[in-house]
Amino acid sequence: MIDLRPRRHVRLSLSLLLAVAAAGLVAGCTNNSGSEQSSNLVKGKQLFVQKCGSCHILARAGSKGVTGPNLDAAFAAARQENWGDDGVRGVVYGQILYPNPNTAMPANLVTGKDAADVAAYVSTVASKPGKDVGLLASAVAPAGGGKPAIEKGGILSIAADPNGQLLYVETTAQATAGPLEVQMPNQSGVDHNIVIEGTPIKSPIIKKGVSKAKGTLKPGSFVYYCSVPGHRQAGMVGKLKVR
Ligand code: HEC
């Protein structure tokens, strides 16, 4: 019996062989008939956004991380060569289990059925045009653009998206001039902080909990953002009015 989970370069060529063999027989088959259990794509998408999206762009998942490669670009060649979703899924699954240890990608961010669900979701959407529809479209609540955060009693609370997207829940905020404590609740498990540009306010980077910083603000318009590399560019930014 062949070990189906060897290192990635072996898995790649195996997938390629399977894809070439299947190409002439099956066209446009996107189901999961090859797996023992059917995959939960909704769960796979939620886990992808939470555990992977902070490092990878994947258009259909709306993720914007730039630490790792853009996954739509990564699988473009595979799509052109008519790999089926199963071939792509095998590569993603192998990468989750055996990432190159010399890179920023930790192994086993998701395990067991969760890893299979993430791989199934990525293989279903990577490098494919269009948008997620149906249950997949609503799998992850949109973040940002909520109600403004309003300072109360010298405390201004601006939360990081709890689902792991590189966004704040509140993208606008209001405060009165004077001493201010900014609090950033972060339930996501992804590193974040909050910096108010042009002021000394810069909170520590944390994965979970509430990150806090104090300072004194003058009236004016300010920008706040997350200083973890890539997060501001991805959209983790907002506007603060101090009166
Ligand atoms: C901390 C950042 C980080 C996280 C989180 C992360 N990755 Fe990665 N990923 C990387 C980096 C860096 C690479 C490039 C590794 C290399 O060059 O071998 C990579 C490579 C990949 C590749 C191969 C792409 C290619 O071009 O060959 C895939 C597929 C992938 N990741 C999927 C995932 C999935 C799925 C998750 C979530 C379970 C995930 N990654 C989480 C950083 C990350």
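Predicted model: local features only at pLDDT ≥ 70, side-chain atom pairs only at ≥ 80, totals over all residues.
**A first look at the model**

Residues are numbered from 1 along each chain as its sequence is written, and side-chain values use heavy atoms, with hydrogens and water left out.

**The overall picture**

- The protein has 7 helices and 10 strands, which are DSSP runs numbered from the N terminus (H or I over at least four residues for helices, E over at least two for strands).
- Of its 243 residues, 42% are buried (under 20% relative accessible area; exposed is over 50%, partly exposed in between, with a 1.4 Å probe and protein chains only).
- Take the contacts (heavy atoms within 4.5 Å) with a separation of 6 or more: 60% of them join residues 24 or more positions apart.

**Helix H2 and what covers it**

- H2 spans residues 41-51, and its buried residues are Gly44, Lys45, Leu47, Phe48 and Val49.
- Covering those buried residues are, among others, strands E1 (57-58) and E2 (63-64), plus helices H3 (71-74) and H6 (112-125).

**Threonine 124 in helix H6**

- Threonine 124 sits in H6, and its side chain reaches back to the backbone oxygen of alanine 120 at 2.6 Å.
- Setting aside residues up to four places away in sequence, threonine 124 touches Leu41, Arg79 and Asp85.
- Threonine 124 and leucine 41 are 83 residues apart along the chain, yet their C-alpha atoms are separated by 8.5 Å.

**The second largest pocket**

- This pocket holds about 1,000 Å³ of space. (A pocket is an open set of points on a 1 Å grid where a 1.4 Å probe fits, with protein on both sides within 12 Å along at least five of seven lines; lining residues have an atom within 4 Å of a point. Volume is the space filled by probe spheres set on the points.)
- It has 42 lining residues, and the closest to its centre are Cys52, Cys55, His56, Met105 and Leu109.
- Helices H1 (8-23), H2, H3, H4 (76-80), H5 (85-97) and H6 each supply at least two residues of the lining.
- H5 gives the most to that lining, with 4 residues.

**Two loop residues with positive phi**

- Asparagine 108 lies in the loop between H5 and H6 and has a positive phi of about 55 degrees, although it is not a glycine.
- Asparagine 108 is partly exposed, at 43% relative accessible area.
- Beyond its neighbours within four places in sequence, asparagine 108 is in contact with Ile96 and Leu97; its C-alpha atom is 8.0 Å from that of tyrosine 98, which is 10 residues away along the chain.
- Serine 127 is not a glycine either, and has a positive phi of about 60 degrees.
- Serine 127 is found in the loop between H6 and strand E3 (149-150), and is partly exposed with a relative accessible area of 22%.

**Around a ring**

- Arginine 232 lies over the face of tyrosine 225, 4.2 Å from the ring centre (the cut-offs are NZ of Lys or CZ of Arg within 6 Å of the centre and within 35 degrees of the ring normal).

Definitions and conventions
Polar contact = N/O pair within 3.5 Å; in protein donor to acceptor, adjacent residues only side chain to side chain.
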